[in-house]
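Subject: Structure handover

Hello,

I am passing a structure on to you. Please open it first, then read the notes below.

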Amino acid sequence: MKVCPKCGLKLEQFYKTSMLGCENCYKAFAAELLPVLKKMHGKTVHCGKRPKVSGVERELIYEYKRLLKDKEEAMLAGDFDAANDMDEDIRQLSYELSRRGLK
Ligand SMILES: [Zn+2]
């Protein structure tokens, strides 16, 4: 199993969470990430049961999904720095969504 030498993230963990630990992960796992991303590309995200959401929460979800898509596109384009920048926003949104029980 491959591990990122910089942050210690295992490839297995990425498969589970779709989140990478640091900017080096993209390089460490590039060979494995690209086919996975290509496979994921275009598929709708399974979001399980739909809770009642307010306007603000809908915005958060929309922004979260948009960022995930942008990140995917950046990675497919090989722009790992841009993808890494988005990771931070995705992490914050993900936290915010979990906190509100939307994820
Ligand atoms: Zn890493």
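Here is what was found in it.

**Overall**

This is a predicted model. The chain has 103 residues, and 29% of them count as buried. It holds 5 helices and 0 strands. Along the sequence the pattern reads α-α-α-α-α. Take the contacts between residues at least 6 apart in sequence: 50% of them join residues at least 24 apart.

**The zinc site**

Start with the metal. Which residues are the protein donors of the zinc ion? They are C4, C7, C22 and C25, each through its SG atom, lying 2.3 Å from the ion. The angles among the 4 donor atoms run from 101 to 119°, and the site is tetrahedral. For reference, the ideal angle for four tetrahedral donors is 109.5 degrees. The sequence spacing of the donor residues is C-x2-C-x14-C-x2-C.

C4 counts as buried because its relative accessibility is 2%, under the 20% limit. C25 is at 0%, so C25 counts as buried as well.

**The nonpolar core**

C25 turns up again in the largest nonpolar core, which has 23 residues. Which members touch the most others? They are L20, C25, Y26, F29, L33 and M75. The elements giving two or more residues to this core are α1, α2, α4 (55-76) and α5. Helix α5 gives the most, with 6 residues. In soluble globular proteins, nonpolar side chains tend to be buried together.

Look at L20 in particular. Set aside its neighbours within four places in sequence. L20 is then in contact with L9, F14, C25, Y26, F29, L33, M75, D87 and R91.

**The aromatic pairs**

There are 2 aromatic pairs in the structure. The rings of F14 and Y15 have centres 6.1 Å apart, and their planes meet at 50°, so this pair is tilted. Is F14 buried or exposed? F14 is at 3% relative accessibility, so F14 counts as buried. Y15 has a relative accessible area of 43%, so Y15 is partly exposed.

The other pair is Y26 and F80. Their rings are stacked, at 5.6 Å centre to centre and 5° between the planes. This pair links distant parts of the chain. Y26 lies in helix α2 (residues 23-28), F80 lies in helix α5 (residues 80-99), and they are 54 residues apart. Y26 counts as buried, at 0% relative accessibility. F80 is buried too, because its relative accessible area of 16% is under the 20% limit.

**Helix α5**

F80 leads on to the rest of its helix. How many residues does α5 have? It has 20, and it reaches 28 Å from its first C-alpha to its last. That is close to the 28 Å expected at 1.5 Å a residue. The buried residues of α5 are F80, A83, M86, D87, I90, L93, S94, E96 and L97. An α-helix has 3.6 residues a turn, so residues three or four places apart point the same way. D87 is on that buried list, and D87 is also among the contacts of L20. Just after α5, G101 takes a positive phi of about 70°.

Best wishes

Terms used
Residues numbered from 1 in each chain as written. Predicted model: local features only at pLDDT ≥ 70, side-chain atom pairs only at ≥ 80, totals over all residues. Heavy atoms only, no water. Phe/Tyr/Trp six-rings, centres within 6.5 Å; stacked < 30°, edge-to-face > 60°. Buried < 20%, exposed > 50% of the residue type's maximum accessible area, 1.4 Å probe, protein only. Helix = DSSP H or I, 4+ residues; strand = E, 2+ residues; numbered from the N terminus. Donors = N, O, S within 2.8 Å, 3.2 Å for Na, K, Ca; no water. Tetrahedral: all angles 85-135°; square planar, octahedral: opposite > 155°, others 65-115°. Expected span 1.5 Å × (residues − 1). Core = buried A, V, L, I, M, F, W, Y, C linked by side-chain atoms within 4.5 Å. Contact = heavy atoms within 4.5 Å.
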